[in-house]
Amino acid sequence: MNKPSAFRRVLVYCIGVFVLALGVSTSIYSGLGVSANSSVPYAVSLTSGIDNGICSAIVFSLLVGVQALVLGRDFSPVQLLQVPASILFGSFVSVAGRLLTVFPQPAALPAKLTVSAIGVFLVGTGIFIYMSAGLVPMSAEGLSSALSKKLNLPFTKVKLVTDCAMAAISAAISLIFTHELKSVGIGTVMAAVLVSPVIALMLRLFGARLGAFMRYDSGLVARHADKHETAESALELAAE
């Protein structure tokens, strides 16, 4: 493979983060709840009235601080790059949310489920794209990776626990301050079940092509090709 193209990797990373943000905003627009990672910022947004993109940037930046506390002296300064990455993601969430206002919000349950499914597909696709670039992980995945290293536990198991914790915190915020369960719902369950298969599908169909475009091998395709590896465990490489 030729020398990796830094410009193409950054371009792919930014496109992936935007697709992820569009997926999160689409899930919110469905009214059925959002993925666990994004449910806490959404709950804070519902409670405070502050734009969801701003809340996303703040919450995910704070998670970088949590990583520093978990890792202590093992925390690398390069991981601070997750802060501007969180700000970029939050900005894209705000833009995507405004773009979606041109479409009518679904009212009937079948329409809501369809929009939620589209959101889940975009979330999985966005994760695949941005993590294929092998640059900076989103801080939620970074936190799971930090806990995995500190506790010496498999990344996939730690991620499951952190996702559940995020959903529980979101539900608590929503119930305490709005007396309604708005931030999590059927869409949250759909994301938990379907995002990983979407990532696996994208890896199988486009992983090699995307790597060729960037002239960069993140190792995701080869690891996912191992029958003993899941999509999430393959993506653990990019979260480290």
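I looked up the second largest pocket of this predicted model and found 13 lining residues. Ser25, Ile28, Asn52, Val93 and Gly97 lie nearest the pocket's centre. I noted a volume of about 200 Å³ for the second largest pocket.

I then checked which helices supply the lining. Helix H1 (6-30), helix H3 (52-71) and helix H4 (82-100) each give at least two residues. H4 gives the most, with 4 residues. By class, I recorded 4 nonpolar, 7 polar and 2 charged residues in this lining.

Next I went to the salt bridges, and the count came to 3.

I took arginine 98 and aspartate 51 as one entry; their closest N and O atoms are 4.0 Å apart. This pair links distant parts of the chain, 47 residues apart: arginine 98 sits in helix H4, aspartate 51 in the loop between helix H2 (36-48) and H3. I logged arginine 98 as exposed, at 55% relative accessible area, and aspartate 51 as partly exposed, at 28%.

For aspartate 163 and lysine 159, I noted a salt bridge with the closest N and O atoms 3.0 Å apart. Both residues belong to helix H7 (residues 155-178), and because they are 4 residues apart there, about one helical turn separates them. I found aspartate 163 buried, and lysine 159 buried as well.

My last entry is the salt bridge between the side chains of glutamate 180 and lysine 182, at 3.5 Å from N to O. Glutamate 180 is partly exposed, with 41% relative accessibility. Lysine 182 is also partly exposed, at 39%.

Definitions and conventions:
Residues are numbered from 1 along each chain as its sequence is written. This is a predicted model: local features need pLDDT of at least 70, side-chain atom pairs count only at pLDDT 80 or more; totals for chains, interfaces and linings use all residues. Side-chain values use heavy atoms; hydrogens and water are left out. On a 1 Å grid over the protein atoms alone, a cavity is a set of points where a 1.4 Å probe fits but cannot get out, and a pocket is an open set with protein on both sides within 12 Å along at least five of seven lines; lining residues have an atom within 4 Å of a point. Grid points are joined across faces, edges and corners, and a volume is the space filled by probe spheres set on the points. Ala, Val, Leu, Ile, Met, Phe, Trp, Tyr, Cys and Pro count as nonpolar, Asp, Glu, Lys and Arg as charged, and the others, Gly among them, as polar. Buried means under 20% relative accessible area, exposed over 50%, partly exposed in between (1.4 Å probe, protein chains only).
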